[in-house]
Amino acid sequence: PSLHFPSHPIKDGEDMEKNGNNRKLRVCVATCNRADYSKLAPIMFGIKAEPQFFELDVVVLGSHLIDDYGNTYRMIEQDDFDIHTRLHTIVRGEDEAAMVESVGLALVKLPDVLNRLKPDIMIVHGDRFDALALATSAALMNIRILHIEGGEVSGTIDDSIRHAITKLAHYHVCCTRSAEQHLIAMCEDHDRILLAGCPSYDKLLSAKNKDYMSVIRVWLDKLSEFLIHVGDLSYSVNFYHLGENVLHVRDADTQDKILHALQLQFGKQYPCSKIYGDGNAVPRIVKFLKSIDLKEPLQKKFCFPPVKDNISQDIDHILETQSALAVDLGGTNLRVAIVSMKGEIVKKYTQLNPKTYEDRLDLILKMCVEAASEAVNLNCRILGVGISTGGRVNPREGIVLHSTKLIQEWSSVDLRTPISDALHLPVWVDNDGNCAALAERKFGHGKGIENFVTLITGTGIGGGIIHQHELIHGSSFCAAELGHIVVSLDGPECLCGSQGCIEAYASGIALQREAKKLHDEDLLLVEGMSMKNEEVVSAAHLIQAAKLGNAKAESILRTAGTALGLGVVNILHTMNPSLVILSGVLASHYINAVKDVIHRQALSSVKTVDVVVSNLADPALLGAASLVLDYTTRRIY
């Protein structure tokens, strides 16, 4: 089929101004043998004809310099080109090892030459092993490469070498439309591919007398001379493009057989075909060279096609849901859950938290083994175990350094080793406040937020800090002990031994303490409330009383909310987060008070912070699961 090749009108000075180059382009043309020189010579003539734009350096290596191959470098000299460098790179031998050694020898010698010449661009042709050495050297030395005749297919090792050079090259000149399509399919940048046609056709198609036979006879004489030099008169001529006017000549042992085939062909009439070009390849290539902007980044860009998400064909991945075992060690209960990658709690197990270390560890192991066994029936693949616990934790070692008074016999406890040994799974451990923050980062309001703080309002007060998307542990793993921010110098005593901590005002324990005081003074119950004799007074009774109009209960809750709000203001002034998340059973009761304190007492620059109540049903378990799931999704932790 006839192909349309782009026209490239050339105007002096236009391209140098367009590409921003304010000097001549220094072009190095490296030729290895007679075959590539037949394609490179027309380009070299084109470059030489425009000295106002180009400086041409010619490097000769490979079989050009071998006596047995006719010392074909003389052809280059006869064409009046100055050879700047001759490199003897051929290691004698007829086996593959000699070819490899020749490549190695070229790689040893080329760096010195390229350092000396300092070309802006190197032109490399084809698919010879010599060319691979040239392209490798230039690429590693940050020299731009223009590859001639990439994208062709021959069905030999040449294909691998040719395509390897394509990957190293920055610019591509191809002869045929099919070669161009191959380069695009190989993810090369379409803007750096030129469909020019075959340079050696320019001379043939521009013959003024149209005496094609005389031109071809000259070529055949050279071919015959070549065959005599290599001692192979059973040379087989093959053409790799499916054209109507191509006649295959098998076992061409003499040039007469080829001439006879040509005479037969010229006696026929075929439709005009321009598969290999229209005779204007060199002007296009020269124009293409002028358009190269040396200010563009040297790093190649590949144009990868869109691909579908990878779907594993492992039957386990298809049938099973990737999940984590999450463990929450609270002051009252011990909970274990199977949590899916999407944050769904597939199944949950709850037991009272034992009072002694031995009983507690035995129960953890028992519950985890039971959950892991059940996970098989639920088609859940357990990726690891995440543990959320109160107290100060070294997450690197999986050790509880010391715990709160709510969990007895829980200091200097290695949780990772026994659980990992029993279940043969990786184990992560962290403080419950940190886990709540991780749960928000992965599943809640904190997803995609760079800087935020989570405050847990439950039996105690805790929290976690996410800064630049990562959890802050602190130098001694004591960061985000937010419940122990002091908001009053003479406030109530805290379980930590200090006074005036947020936890001493706003925790469930603190509210229970105040509720008991009111109850002992018969000031707790109001109309609509009742308690059984054996019922334990709790924070819930205080909240109920406040809702029913108990002024003293309302005052206690207001003071607790104010204390929590003051702690949040201190956090805003210290960390300047963009979001504060209140979590836990008391969060909804405190949010308005916290917002009011921020409005009254925070600096104007932080008053716009968002304060929200967590929408996660179980942040402790979800946070423990995220310790595992974040790792499996390649998050840094």
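Strand 13 (residues 399-402) pairs with strand 14 in the antiparallel sense, over two bridges. Looking into strand 14 for a partner to Ile 399, you'll find Asp 414 across the bridge. Keep in mind as you look around that this is a predicted model.

These strands belong to an open sheet of three, ordered 12-13-14, with antiparallel pairing. Strand 12 (392-394) and strand 14 (413-414) are the edges, as each pairs on one side only.

Strand 16 (residues 452-457) and strand 19 (residues 579-583) run in the parallel sense and share five bridges. One spot to look for is Val 453, whose bridge partner in strand 19 is Val 580. As background, the strands of a sheet are held in pairs by backbone hydrogen bonds, either parallel or antiparallel.

Helix 6 takes in twelve residues, 157-168. At 1.5 Å a residue it should span 16 Å, and its end C-alpha atoms are 17 Å apart, so the two values agree.

Which residues of helix 6 are buried? They are Asp 159, Ile 161, Arg 162, Ile 165 and Thr 166.

Cys 435 is found in helix 15 (residues 432-443). Is Cys 435 buried or exposed? It counts as buried, because its relative accessibility is 0%.

Leaving out residues up to four places away in sequence, Cys 435 touches Ile 387, Ser 388, Asp 430, Pro 619, Ala 620, Gly 623, Ala 624 and Leu 627.

## Rings and charges

Searching the whole structure turns up six aromatic pairs. One of them joins Phe 53 and Phe 54, with ring centres 6.4 Å apart and planes at 55°, so this pair is tilted. Both Phe 53 and Phe 54 are buried. Phe 302 and Phe 304 make a tilted pair as well, at 6.0 Å centre to centre with 45° between the planes. Here Phe 302 is partly exposed, since its relative accessible area is 34%, while Phe 304, at 60%, is exposed.

Two charged side chains also sit over rings. The charged end of Lys 48 is over the ring of Phe 81, 5.1 Å from the ring's centre. The charged end of Arg 360 sits over the ring of Trp 410, and there the distance to the centre is 4.8 Å.

## How confident is the model?

The average pLDDT for the protein is 87, and 86% of the residues score at least 70. Where does pLDDT stay under 50? One such stretch is residues 7-13, which have eleven contacts in the model beyond four places in sequence. Another is residues 226-241, where the pLDDT is below 50 and the model shows 29 contacts beyond near neighbours in sequence.

Note on methods. Residues numbered from 1 in each chain as written. Predicted model: local features only at pLDDT ≥ 70, side-chain atom pairs only at ≥ 80, totals over all residues. Heavy atoms only, no water. Phe/Tyr/Trp six-rings, centres within 6.5 Å; stacked < 30°, edge-to-face > 60°. Buried < 20%, exposed > 50% of the residue type's maximum accessible area, 1.4 Å probe, protein only. Lys NZ or Arg CZ within 6 Å of the ring centre and 35° of its normal. Helix = DSSP H or I, 4+ residues; strand = E, 2+ residues; numbered from the N terminus. Expected span 1.5 Å × (residues − 1). Pairing = 2+ DSSP bridges. pLDDT = per-residue confidence, 0-100. Contact = heavy atoms within 4.5 Å.
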